[in-house]
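I opened my notebook to look through a protein model, one topic at a time. Here is what I looked up, in the order I went.

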Amino acid sequence: MKGSASNRSVSVGLALGAALVSTTLLCTPATAAAPEGAGKGPGAAVTTPAHGERACPVVYFDLGETLVHTAEDGRTTYLPGASSYLRTLRARHIRVGLITNVPAAWGTTEAERAARLRREVDATWRGPAAFAWADFGDRIRTPRTEAERKPSPVLWQRAKEDSAGCRVVYQAETAQEVSVASSLGYVAYQIGLPQRPAFLPAGLVELLGRRLA
């Protein structure tokens, strides 16, 4: 009985993986595939993985209504399943990052804008555990000008350049952002849709990371 149940679980997992890959590929317009070697030029910045982190893949997220929710009274908390999903990625040593819009006036450097973002979120945080900022390291991409705000492709392009040729994943709640990310070569997954996992399953993320983008 246990062997049969295990075989059924493996079959279901493989079927789900195939279905999710098919769904992701459907998000990518046939005429908008990223060019070979995009984001790998001599001027591309490289973020070195911390000790214990895998080099690939890199999973980027939108922040608001993807990982966190701000209630009408201003309190900010994790969305259901987000905290445990980040813990699962951390346990598998998968790097994560944020691609999120903030006012360009929040700082002249990426680090300054990320620090302001952290202060703004922490000031309204009411979750039982603090937001896992340490997981994201220096992989927080924010607009330097108002023209760079999403859905402009600039933030996705910068994040991809920083990923050292790894396959990159993007997860967000809006179809428009998923479409733009897909057109730039990301494996993009829209959260919040019915009858689908809340987030792209971590096991599938691992498998995707073993293949070049």
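This is a predicted model: local features need pLDDT of at least 70, side-chain atom pairs count only at pLDDT 80 or more; totals for chains, interfaces and linings use all residues.

**Entry 1: two strands side by side.** I began with E4 and E5, which pair in the parallel sense over 2 bridges. In this pair I found Ile-99 standing opposite Arg-141 of E5. Next I asked in what order the strands of the sheet run. I read it as E5-E4-E1-E6-E7, an open sheet of 5 strands with parallel pairing. Strand E5 (140–141) and strand E7 (187–190) each have a single partner strand, so one side of each has no neighbour in the sheet.

Entry 2: I noted a mean pLDDT of 81 for the chain, with 73% of the residues at 70 or more. Residues 1–49 have pLDDT below 50, and I wrote down 45 contacts for this stretch beyond near neighbours in sequence.

**Entry 3: helix H2.** Which residues of H2 (residues 82–91) are buried? I listed Ala-82, Tyr-85, Leu-86 and Leu-89. Looking down the axis of H2, I saw that its buried residues fall within an arc of 100 degrees, so they line one face of the helix. What do they pack against? My list has strand E1 (58–61), strand E3 (76–78), strand E4 (95–99), strand E6 (168–172) and helix H6 (202–209). After H2 comes His-93, and I marked its phi as positive, near 60 degrees.

**Entry 4: the cores.** I looked up the largest nonpolar core and found 34 residues in it. Those with the most contacts inside this core are Phe-61, Leu-67, Phe-131, Phe-136 and Leu-200. Elements giving two or more residues to the core are E1, H2, E4, helix H3 (110–124), E7 and H6. I then picked Leu-67 and checked its contacts, leaving aside neighbours within four places in sequence. Among them are Phe-61, Thr-77, Ala-82, Leu-98, Phe-131 and Phe-136. There is also a second, separate core of 16 residues, including Cys-166, Val-178, Leu-184 and Tyr-186.

**Entry 5: the disulfide.** How many disulfides are there? I counted 1 disulfide. I reminded myself that a disulfide is a covalent bond between the sulfur atoms of two cysteines. Here Cys-56 and Cys-166 form the link, with their sulfur atoms 1.9 Å apart. The angle about the S-S bond is -80 degrees, and the link is left-handed. The two cysteines are 110 residues apart, so I looked up where each sits and found that they link distant parts of the chain. Cys-56 is in the loop between helix H1 (2–26) and E1, and Cys-166 is in the loop between helix H4 (154–161) and E6. Cys-56 is partly exposed at 26% relative accessibility, whereas Cys-166 is buried at 6%.

**Entry 6: two residues of helix H5.** Not counting residues up to four places away in sequence, Glu-177 touches Asp-62, Lys-150, Trp-156, Tyr-170 and Ala-172. Ala-175 also lies in H5. I noted Ala-175 as partly exposed, with a relative accessible area of 47%. Last, I checked Ala-175 and Ile-191: they are 16 residues apart in sequence and 9.2 Å apart in space, C-alpha to C-alpha.

Notes
Residues are numbered from 1 along each chain as its sequence is written. Side-chain values use heavy atoms; hydrogens and water are left out. pLDDT is the predictor's confidence in each residue, from 0 to 100. Contact means heavy atoms within 4.5 Å. Buried means under 20% relative accessible area, exposed over 50%, partly exposed in between (1.4 Å probe, protein chains only). Helices (H or I, at least four residues) and strands (E, at least two) are DSSP runs, numbered from the N terminus. The arc is that of the directions from the helix axis to the C-beta atoms. Two strands pair if DSSP finds at least two bridges between them. A nonpolar core is a set of buried Ala, Val, Leu, Ile, Met, Phe, Trp, Tyr and Cys residues joined through side-chain atoms within 4.5 Å. A disulfide is a pair of cysteine sulfur atoms within 2.5 Å.
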